[in-house]
Amino acid sequence: MHQYVFVVIGVLMAIAAVRLVTTKNVVHGALYLLMVLAGAAAIFILLLAEFVGWVQVLLYIGAVVVLLLFGLMLTRAPIGRTALDNQSRALAALVAGAIFAMTSMVLVRAFDGQMIDFSQTLTVRTLGGVLFTKYVLPFEVVSVLLLAALVGAVVLAKRDE
Amino acid sequence: MTQDPLVIPGVNLWAIAPEMVMVAGAMGILVLGAGFKKSHPLILMAGALATLLGAAIAAILALGQGSGFAFDGTIAMDGFAGFLKLVIIASAAVSVLAGYDYIQRERAAAPEYLGLLMLATTGMMLMAAAADLITVFLALETFSLALYVMAAFRRQRLDSQEGAFKYFLSGSFASAFFLYGVALTYGGTGTTRLEGIATSLSEGLKPGTEVLVFSGLALLLVGLAFKVAAVPFHMWTPDVYQGAPAPVTGFMAAGSKVAGFAVLLRALYTGFHELVTDWQPILIALALITMIFGSVVAVAQTNVKRMLAYSSIAHSGFLLIGVIAANQRGLSGALFYLGSYSFVIVGSFAVIYAVGRAGESRVELNDYRGLWNRQPFMAVALAVMLVSLAGVPPTAGFWAKLEVFLAAVEAGQVPLVVAALLSSVVAVFFYLRVIVLMFLQEEEWTKEVPDTGATSGLAAAVGLAVVAVLGVYPTPLLDFARQASLVLFR
């Protein structure tokens, strides 16, 4: 059952990824990117990494892609058919191919033949428990960090009087 | 379905009491600044100083609460952390004084300036106490983010933008290196707690995981070497020191050195102490090129801020000698060094700001010609602090270097100490050059006295007093440093 769902998601992701790099329209590209990321989230959930899956939805789909679309709208970037190609496809293909070959080789060598134990689940509750007991102090420090980032962003973006 | 109840770890708020005071004060000042647009910078500065005083009291009280770990081993509460927290608080307080003139003269946004300074101080204090690599990383990011923005505070100026942008980009890379180091160390030892790393290293690593631990440690060292500006990870230093407003530069120089060395010392003396024979040679090479490069290149500088940037690089090299010694004297020497260096560097940059005038246009060596005639107090203060940076007796800098070098001799690192002495001699040249210019040369073109703010003078006076008092009577601080260093040697 899992295998079939995985194949369906994988094929959809592959199609979206190919369209993402071949489309001439930036907004379409962003929407294809959204499809790829949603597919990745679905695969995480399929692999029982529930939390990572939902973080993927929240952060990448909810924040990054929306930010990308807003950025396109607010900066009046050319929406529609424009040439955004810097003519280095051969190099890009080489890098992408090398990374693909390397990660798949490492993954196969490290996990060859291992099966996921579907009876054992790592729930969000477990993670939350660890976050609020063993890592409660780092968790609080993150909020101080975000406060500093927020104040800093205002300082840098504020117009001079 | 039954669920395990959450087991709350031992909460000891004393361990983070100074940080809590700081964050509360920072938020108070930000809210005050936003709510009352007309609130006078003087009130905000008083608030910041009161908060720093509160944090200092909290840190002193925490010293009396015994030592140990809190929050499941993520943070340590001991003399080492207490000593460094007090050093950080003191240099932040002097920076607030120096910054007040800056805020007044350049009409900078006071609440944001003070708020960021206090958040940075919080991050630095957490670095001094963190006993867990993830906590270290978050504390590092907190103070770095605040400093990136403070370095860009003179937004309209090109050199400020350039420096801040370089700092941000290379700092982000360094953080990424550090984080990767944390991940690899976790992969090798199964924990990010320094205590846990020490246990797992002393029990012996599983075959195949050595490479993870060693590459993890190497990446951690890269990240920290960047923060303390050790060669070859120093590229950002001169540009950032030059571009940032002088009071910010002083704070950055003092704070990021203290925070970076706090983690280096704690991690290498406790967590990775088992690997001492492995990290010592790396650090020896790092220390050698850092102090020689810093001292030699500083000679060629004509801008005083850049000169002090290279001098700060050289001082990182001297401090690394204390780390390399790996004995108790090295640790207490490094602590004393950090304490005296912080006051001196913050005070020196207060003088540079007072001399620099609006827009900091006068920061070239030639602008210091005949300073004695124009601003005698500033000339005397800067001269004494430069003598201390050079390590000439009887100043605080002399005792700091003496302790660190003696520790290295005890550890059998005689060639390293000889190299350090030689680069100190080179360094004396460029410190003395400024002093000669200030006192013995007539000024060429102007007699007008700049509008020196009172608080810069106060900041310089604090630096001067600390250097002079510690130079004549270093025993109390040395004893405190020895006491503080005991906890890492059990």
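The lining of the largest cavity is made up of 5 nonpolar, 5 polar and 1 charged residues. The model is a predicted one.

User: Which elements of chain B give two or more residues to the lining of the largest cavity?
Analyst: The whole structure holds 4 cavities of 30 Å³ or more, and the largest has a volume of about 70 Å³. Its lining includes His315(B), Tyr337(B), Ser388(B) and Lys401(B). The elements that supply two or more lining residues are α13, α15 (376-390) and α16 (396-410) of chain B.

User: Which element gives the largest share of the lining of the largest cavity?
Analyst: Among the residues around this cavity are Tyr337(B), Ser340(B), Tyr341(B) and Val344(B), and helix α13 of chain B spans 328-356. The largest share, 4 residues, comes from α13(B).

User: How do the residues lining the second largest pocket divide?
Analyst: The second largest pocket holds about 680 Å³ of space. Of its 15 lining residues, those closest to the centre are Leu47(A), Phe111(A), Gln114(A), Met115(A) and Ile116(A). In chain A, α1 (2-22), α2 (26-46) and α4 (89-111) each give two or more residues to the lining. The lining divides into 10 nonpolar, 4 polar and 1 charged.

User: Is Asp367(B) buried or exposed?
Analyst: Asp367(B) sits in the loop between α13 (328-356) and α14 (371-374) of chain B. Residues under 20% relative accessible area count as buried. Because the relative accessibility of Asp367(B) is 10%, this residue counts as buried.

User: What is the relative accessible area of Met307(B)?
Analyst: Met307(B) belongs to helix α12 (residues 304-325) of chain B. Its contacts, leaving aside neighbours within four places in sequence, are with Ala298(B), Gln301(B), Phe430(B), Tyr431(B) and Val434(B). Met307(B) is buried, and its relative accessible area is 1%.

User: What separates the C-alpha atoms of Met307(B) and Pro9(B)?
Analyst: Met307(B) is placed in helix α12 of chain B. Along the chain, Met307(B) and Pro9(B) are 298 residues apart, and their C-alpha atoms are separated by 48 Å.

User: Which residues of chain B lose the most area to chain A?
Analyst: The size of an interface is often given as the accessible area lost when the parts come together. Here chain B and chain A bury about 2,500 Å² between them, with 76% of it on carbon and sulfur atoms. The contact draws 34 residues from chain B and 23 residues from chain A. On the side of chain B, the residues that lose the most area, together 22% of what that side buries, are Leu138(B), Val149(B) and Arg155(B).

Note on methods: Residues numbered from 1 in each chain as written. Chains lettered and ligands numbered in written order. Predicted model: local features only at pLDDT ≥ 70, side-chain atom pairs only at ≥ 80, totals over all residues. Heavy atoms only, no water. Buried < 20%, exposed > 50% of the residue type's maximum accessible area, 1.4 Å probe, protein only. 1 Å grid on protein atoms, 1.4 Å probe; cavity = no way out; pocket = protein on both sides within 12 Å on 5 of 7 lines; lining within 4 Å. Points joined across faces, edges and corners; volume = space filled by probe spheres on them. Nonpolar A, V, L, I, M, F, W, Y, C, P; charged D, E, K, R; others polar. Contact = heavy atoms within 4.5 Å. Buried area = accessible area lost by both parts, 1.4 Å probe.
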